[in-house]
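Biologist: I'd like to learn how to read a structure like this one. Could we go through it together?

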Amino acid sequence: MRKSTGFAIKSFFFLSYHTSSCILPIPSSSLLHEFTQFCYQRNLPRAMEAMDAMHKHGIWADSITYSELIKCCWARGAVEQGKRVHKHLFSSGHQPKTFLINVLMSMYVKFNMLDDARALFDQMPERNFVSWTTMISAYANAKLNDKALEFLISMLREGVKPNMFTYSSVLRACDGLANLRQLHANIIKSGLDSDIYVRSALIDIYSKWDQSENALRVFNEMATEDLVVWNSIIAGFAQNSDGDEALNLFKRMKRARFLADQATLTSVLRACTGLALLELGRQVHVHVFKYDQDLILNNALLDMYCKCGSLEDANTVFTRMMVKDVISWSTMIAGLAQNGYSREALRLFESMKASGTKPNHITILGVLFACSHAGLLEAGWYYFRSMKKLFGVDPGREHYSCMIDLLGRAGKLNDAVELINEIECGPDAVTWRTLLGACRVHRNVDLAIYAAKQILRLYPQDAGTYILLSNIYANTQRWDDVTQIRRTMNDMGIRKEPGCSWVEVNKQIHAFILGDNSHPQLDEINKQLNQLIHKLKGVGYVPDTNFVLQDLEGEEQREHSLQYHSEKLALVFGLMSLPKEQTIRIRKNLRICGDCHLFAKLVAKMEHRIIVIRDPIRYHHFRDGVCSCGDYW
DNA sequence: AGACCGCGAC
């Protein structure tokens, strides 16, 4: 319907030209003049009508005017009109200038019509560096890395010199270190490494390849400082889970009198998230108000509050967000589930569907995790088996691992093993670790040993798994095997990472490391810890020495070694330093041991405190003598 | 023709 109306108007318009030209021929220059005016006024409908009229008269305008029209098409997403301009430009054997074809190509790229852009590129009699760069950046943006690199090589082969635009694009498509080194060398040779876009692209890609040192080197060579280049290096460290360094650089940036923008704040929040720095995160939140409805920044804020264990704050942010996307919902769903609010997570998933946002594979993962956490076996199976049909997401390894966790919790180890055999692309270390966790809780020694061996086959340097395996052997009196593990670890130079816990008090981070006596209040902490243990034993606390490495003789000594676990020190320090109503939040580098878990539960009950301990895998909210993890981890 | 920022199971 709409189409025919448009046609009527168009014909009418043309008719008016036609009739008037019968009486008084309109010189082509006046048609051109009108067309040009409409193009520069960005009046797309009138410009298109004028173009059609010109087409009938076989009149062509100049390239600059057409490029204005094309830009107008892409700014409005007018695909059909754009195609009509394309057709007009090539009609009657006309050959537009290279410049104009480049503009047309960019238009198709903006419309995500890469094949059309490519077809134009292939037909071009002459290609300049813009033509090449347009295609390379299009492929890089579409993550068609091979194509982008292939085009760069052809470009060089044809003797066309890449410029800073080319390199900043192609760097994003670089998917190997060897390629990257080669490119970097070329960039330096051509002197383009001083371009700030190229520099930030270099920092970005080195960071993505986990080459922080090289990223920092490129950063430090910067002569004129630039906010985006600062943002790139801060983001690089924040993403490589080196939050400390990211925050240091942020401080340096502020000293250099740069004002943080959305991108800076997002990365700083990510650093806070990784380090579980709730108070610092809250300070950043104050600066975020300036960018009230910035989606990316709000999502980062949401994640920070979830990962720092403050669901109240996360909820406030979530409610205030006017626009939410799949990431906002997924963050909140996973955050709720991880902090022990599985049913709320599943309810939120229903709201998400009602809101019309399409869940992706990460959303589903959060949903399955929520089911696993709440022990909802049937719901878990339902979502798992119907995810493809309901949401168009094929179950990946990660979804299988979640189901294995769910089955493991329910004690259905055989079903878990069966499910592992079902995984199309085969199990990975996470799969086996999940099974190992289940074996540990349900004390299935043989299966645990099997799972641990699978992990070590994939990661022969994994200290944690050796320790676990050695403990399993020790607990079943297989001393020869214990000795064998020790020897392997020695031979391979594998050391147990010392346990470390961090607690935030008055915006200061206090670190407690096993075997490190540098904390100024350590004597007082130990005194209070002894008193607390004594008090707890009075109400039936029995230290669980199952988790102690077996090189210690005698129960008393083994108990003693438990006492110095870093989370106990951090917890006691939190009790000493924080007001009673304030939650004690601790982050750990290693997974919490059974004894510390029991200890935290009892302390929470006896001292009427809320304690949150985040280990690398799970969140533990202790309140009233129970933990949100349901004692499964 | 261009850069930096947000969600995932153990």
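Biologist: How do the residues of the surface near DNA strand B divide into nonpolar, polar and charged?

Modeller: First, this is a predicted model, where local features need pLDDT of at least 70 and side-chain atom pairs count only at pLDDT 80 or more, while totals for chains, interfaces and linings use all residues. Residues are numbered from 1 along each chain as its sequence is written, chains are lettered from A and ligands numbered from 1 in the order written, and side-chain values use heavy atoms, without hydrogens and water. "Near" is a heavy atom within 4 Å of the strand. The surface has 19 nonpolar, 19 polar and 10 charged residues.

Biologist: Which side chain has an N or O atom 2.3 Å from a phosphate oxygen of DNA strand B?

Modeller: That's lysine 307. Glutamine 239 also has a polar side-chain atom 3.1 Å from a phosphate oxygen, and histidine 361 has one 3.3 Å from a base nitrogen.

Biologist: How is a pair of aromatic rings described?

Modeller: You give the distance of the centres and the angle of the planes. Rings of Phe, Tyr and Trp (its six-membered ring) pair with centres within 6.5 Å; planes under 30 degrees apart are stacked, over 60 edge-to-face, the rest tilted. The whole structure has 16 aromatic pairs. One of them, phenylalanine 219 with tryptophan 230, is edge-to-face, at 4.8 Å centre to centre and 70 degrees between the planes.

Biologist: Is phenylalanine 219 buried or exposed?

Modeller: Buried means under 20% relative accessible area, exposed over 50%, partly exposed in between (1.4 Å probe, protein chains only). Phenylalanine 219 is at 3%, so it counts as buried. Tryptophan 230, at 2%, is buried too.

Methods. Polar contact = N/O pair within 3.5 Å; in protein donor to acceptor, adjacent residues only side chain to side chain. Nonpolar A, V, L, I, M, F, W, Y, C, P; charged D, E, K, R; others polar.
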